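Hi there,

Here is the structure I promised to pass on. Have a look at it first, and then read on for what turned up.

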Amino acid sequence: MLLLKDIVVMFGLAVAVALVCHKLKIPTVVGLILTGVIAGPHGLGLTTEIDAVEMLAEIGVIFLLFTIGLEFSIASIGHVKRLFFAGGPLQVGVTALAVTGLSLSLGVNAQQAILFGLVASLSSTAIILRLLQERSELSSPHGKGTMAILIFQDIAFVPMMLVVPFLAGVDADNVWREVGILVLKVALIWLAIGLAAPRLVPRLLTRIARTRSNELFLLSIGVLCFFVAWLTSLAGLSLALGAFLAGLILSDSEHSHRALENVLPFRDVFSSFFFVSMGMLLDAGYVMAHLPAVLGMTFLIMVIKAFVT
């Protein structure tokens with residue numbers, strides 16, 4: 001009952017905030033994030049079941065990236081492979097080096113400076129792609145280029161997580177053992193997704209489609225989406241990347257349009273939880289108490305990223 005109350009409060013507040021943002025010509029995503037700030041534990045404290053909201057938010061990310069994968073195709077990803085293999089490493093590497101150097105110049109110790117650099121080099125795949133989707137710019141040249149770099153960032157997040165224990169001074173032997181296991185997992189899962197899925201999934205869906213049961217078709221799409229996302233999470237990669245790969249598997253099949261139509265309503269509802277939960281993480285009191293520093297660092301990161309891009 002508490003979760004139901006939280007959902008009613010969040011959606012009711014989201015409608016009001018989104019209407020105001022619409023009149024001010026502010027993206028809906030911003031309104032949903034502001035809803036989380038207002039309703040979250042650091043705001044008015046209107047929500048109590050935060051763990052349950054975060055779980056629903058993860059489902060939202062999966063549906064969002066799955067639909068984006070459906071709207072793309074493996075061929076379109078191939079057109080931006082140069083940006084993936086060259087632009088991705090350059091964007092992540094140069095941004096990380098620039099922020100690390102800036103942090104060192106401000107007197108931050110080396111370990112923290114490197115960590116700040118790694119964090120600043122990443123972006124929110126879900127938020128950026130949602131904004132591009134709202135503007136119908138996913139298929140544009142800059143949309144595809146952005147997608148290529150975001151996918152590289154999601155993959156680069158794994159080695160970044162492995163670097164963190166070294167920065168904290170953890171035993172190197174244990175870390176290298178974990179690195180070996182992780183590499184093996186990624187290789188096996190990538191092989192399974194890249195070779196088996198494109199051949200088996202379309203055939204299976206064709207048989208299911210012949211039953212003319214919309215419920216059975218929807219269930220099969222859900223199993224595929226969540227299964228691939230779960231596999232990638234086992235390898236230490238993000239759920240979002242797994243869901244995107246699941247969408248790509250179906251993007252070139254004859255069932256892609258039907259799958260997209262079935263998933264869209266779930267995407268719109270559950271992705272709202274994600275953006276609201278993002279707002280809940282923000283401590284507005286801390287931001288106001290350190291406003292000059294927060295604005296200054298935000299401006300510097302935006303300038304550095306814009307320059308690097």
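Lys 25 sits in the loop that joins α1 (2-23) to α2. Helices here are DSSP runs of H or I with at least four residues, strands are runs of E with at least two, and both are numbered from the N terminus. Lys 25 is not a glycine, yet its phi is positive, at about 60°. Its relative accessibility of 78% makes Lys 25 exposed, where exposed means over 50% relative accessible area, buried under 20%, and partly exposed in between, using a 1.4 Å probe and protein chains only. Arg 212, also a residue other than glycine, has a positive phi near 60°. Arg 212 is in the loop between α9 (172-210) and α10 (214-234), and is exposed with a relative accessible area of 77%.

A word on how to read all this. This is a predicted model, in which local features need pLDDT of at least 70 and side-chain atom pairs count only at pLDDT 80 or more, while totals for chains, interfaces and linings use all residues. Residues are numbered from 1 along each chain as its sequence is written, and side-chain values use heavy atoms, with hydrogens and water left out.

Now for the overall picture. The protein chain has 14 helices and zero strands. Of its 309 residues, 40% are buried. Among contacts with a separation of 6 or more, 77% link residues 24 or more positions apart; a contact means heavy atoms within 4.5 Å.

Buried residues in α2 include Val 29, Leu 32, Thr 35, Gly 36 and Ala 39. An α-helix has 3.6 residues a turn, so residues three or four places apart point the same way.

The largest nonpolar core has 52 residues, a nonpolar core being a set of buried Ala, Val, Leu, Ile, Met, Phe, Trp, Tyr and Cys residues joined through side-chain atoms within 4.5 Å. Leu 65, Phe 66, Ile 68, Leu 129, Ile 221 and Leu 250 touch the most other members. Helix α3 (residues 50-71) gives this core its largest share, 11 residues. Beyond its neighbours within four places in sequence, Ile 68 contacts Leu 129, Gln 133, Leu 138, Met 147 and Phe 244. Apart from this core lies another, of five residues, among them Val 92, Leu 118, Ala 156 and Met 160.

In the loop between α3 and α4 (74-78) you will find Phe 72, which is buried at a relative accessible area of 6%. Its C-alpha is 7.7 Å from that of Ser 139, which is 67 residues away along the chain.

Next, a helix pair. Helix α5 (residues 81-105) and helix α6 (residues 110-120) pack at an angle of about 145°, with axes 7 Å apart. Axes are lines fitted to C-alpha atoms, for helices over the stretch in contact, and angles run from 0 to 180 degrees between N-to-C directions. The α5 residues in the contact include Thr 95, Val 99 and Thr 100, and those of α6 include Ala 113, Ile 114 and Gly 117. Thr 100, in helix α5, is buried at 13% relative accessibility. Leaving out neighbours within four places in sequence, Thr 100 contacts Ala 113, Ile 114 and Gly 117.

Ser 121 is in the loop between α6 and α7 (125-134), and is buried at 0% relative accessibility. Not counting residues up to four places away in sequence, Ser 121 touches Gln 91, Val 92, Thr 95, Ala 96, Gln 153, Met 160 and Lys 305. Ser 121 and Gln 91 are 30 residues apart in sequence, with their C-alpha atoms 7.3 Å apart.

Ile 304 is buried at 16% relative accessibility and, residues up to four places away in sequence aside, touches Thr 95, Ala 98, Val 99 and Leu 102.
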